[in-house]
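Reader: Could we go through this model together? I would like to start with a single site and then widen the view.

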Amino acid sequence: MTADLTPTKTRSGSLSAGQKLAYGSGNFASLTTGYGISSLANYVFNIALGVNPALVGLALALPRFLDLFTDPLAGYLSDNYRSRFGRRWFIAAGTVASAAFFAMVWWFPLGLSEQGNFLWLLLFSCATYAGWSFLSIPWQALGFELTDDYHERTRLMAVSTLLGAAAGVFYGWSYAATQLSFFSGTIEGARWVGATMALAILVAGFATVIWCKERPERKPKDAPGRRQGMHLTEFIRSLKRVFGSRPFVVLAGAVVFMCLGVFSVSAIGPYIAIYFVHGGDQAHGAFLIGAASTAWQGTSMLLAGPVALLANRCGKKRALLLFLGLALLGNILKWICYNPAFPWLFVVPSIFFAAGFTGLWTLTPSMIADVCDYEAEANNVRDSGMFAAFYTWMIKLGSTVAFALSGLLINLTGFSVAYGATQSARTISWMRVVDFSIPAVSIALAMVLVGRFRLTEDIMLSVRRKLEARSAACPR
């Protein structure tokens, strides 16, 4: 039985299952665009083409600096563009650009020099991520505005998280797909696997464009005038409103700490699996790493619904604190579960971390949608696109800094590939200490910040009534 994809509401503030799936498909497109290249690039450009891994890493890192400009630009323009297609025009353009340039990453001319391959990857990664900004930011802002119901927002984001986890499984197996027997090798496999991923981006992105129509905006008579297009003075005003919002700052800070703390040691975990749990056996260690990754994504898919149910029962902040607490518990369990005598216990902490991030990715967008309403009522101007831009940019900032630190942290533990399976006990001990201590501190700080979030259901009900009263007095 297929879901109804008609863009009508089933009751006031409620969205059909089809609309939720269509919106969630935008997350599938966004995450496949954002992380699909990095899931495959090292295997293709380093192992198959011989490009120095440092150059591959540079080609993947440099485009992230463009996000500082393209994310706010996409958010501001989508806030101020007036047409019957609204933000969906930007989502459509971003989807097409992302899919086209993503496919081109893998269709490099054969016979290029190392520098040529590096420049090809850099150029089309930059182009892909620029398209990603115009796909992901208006898509996120659209989700903030699809419903004004306090709990329906969480249910919408739960479906989005579910399909985001599905994207993780999808691109997580991309390298394995390139090794299928009917491909002549990794390069041919990457061309067709990359094209398939690009097609998936296109289809998933346009599902959002077609079936997720924006609600008509009613503009109060006393609202500040906004001119269509890019105007520096108004952009700066929007910027000040976003970073002057205390509820937004505490949530964004929590996201940064979670990403920075957990992802900065994400590269150490595989080393522990190989050199501590399996005594240097890379084949068995790699299989264990893959199992942990699959457990993470599977847990995210299973918990997306329960997160929404719990938030409905006890409130978004309490639910988020509970799931962050589960991530902290998973971090503690590393000391027990990273055990050579019981290798499969290595998977267990990943399940708890997945629970924490499922809560984070489901509840923080729902809470920021509330922030958008709260600030719109206070300022008489809606900045959903700008809030979406800087929420997403904070995730990217935390993740990018974390991945940049990960290699440095490995070096600081004293690890040397020259020692192979005979790494010193001191090195292994330092790996475990770093792997435990940094996430423990970061998760605790994130929980402190979330505890300072003050927008309750009662406050948001009052805000909604004021917005509805203000809107009712204005023509569409």
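Author: Aspartate 67 counts as buried because its relative accessibility is 1%; buried means under 20% relative accessible area, exposed over 50%, and partly exposed in between, with a 1.4 Å probe and protein chains only. This is a predicted model, in which local features need pLDDT of at least 70, side-chain atom pairs count only at pLDDT 80 or more, and totals for chains, interfaces and linings use all residues. Residues are numbered from 1 along each chain as its sequence is written, and side-chain values use heavy atoms, with hydrogens and water left out.

Reader: Which helix holds aspartate 67?

Author: Aspartate 67 belongs to helix H2, residues 53–80. Helices here are DSSP runs (H or I, at least four residues), as strands are (E, at least two), numbered from the N terminus.

Reader: And what does aspartate 67 touch?

Author: Leaving out residues up to four places away in sequence, aspartate 67 touches Pro72, Tyr129, Ser133, Trp393 and Lys396. Contact means heavy atoms within 4.5 Å.

Reader: What about aspartate 71: buried or exposed?

Author: Aspartate 71 counts as buried, at 0% relative accessibility. Aspartate 71 is also found in helix H2. With residues up to four places away in sequence again set aside, its contacts are Ser133, Ile137, Ala389, Thr392, Trp393 and Lys396.

Reader: Let us turn to the overall fold. How many helices and strands are there?

Author: The protein has 16 helices and 0 strands. Its radius of gyration is 23 Å, close to the 23 Å from the globule rule for 476 residues, so the protein is as compact as a globular protein of that length. That radius is taken over C-alpha atoms, and the rule is 2.2 Å times the number of residues to the power 0.38.

Reader: How many residues are there, and what share is buried?

Author: There are 476 residues, and 53% of them count as buried. Of the contacts between residues at least 6 apart in sequence, 82% join residues at least 24 apart.

Reader: What of the charges? How many side chains are positive and how many negative?

Author: There are 38 positive and 24 negative side chains, and the centres of the two sets lie 4 Å apart. Lys and Arg count as positive and Asp and Glu as negative, while His and the chain ends are not counted. Each charge is placed at NZ of Lys, CZ of Arg, CG of Asp or CD of Glu.

Reader: Now the aromatics. How many pairs are there?

Author: The count comes to 28 aromatic pairs. Rings of Phe, Tyr and Trp (its six-membered ring) pair if their centres lie within 6.5 Å; planes under 30 degrees apart count as stacked, over 60 as edge-to-face and the rest as tilted.

Reader: What about tryptophan 120 and phenylalanine 124?

Author: Tryptophan 120 and phenylalanine 124 form a tilted pair, 4.6 Å centre to centre with 45° between the planes. They are 4 residues apart in helix H4, and therefore separated by about one helical turn. Both tryptophan 120 and phenylalanine 124 are buried.

Reader: Which residues form an aromatic cluster?

Author: Phe243, Phe248, Phe387, Phe390 and Trp393 form one. Trp393 is also among the contacts of aspartate 67 and of aspartate 71.

Reader: Last topic, the loops. Where is asparagine 380, and what is its phi?

Author: Asparagine 380 lies in the loop between helix H13 (348–379) and helix H14 (384–412). Its phi is near 65°, a positive value in a residue other than glycine. At 15% relative accessibility, asparagine 380 counts as buried.
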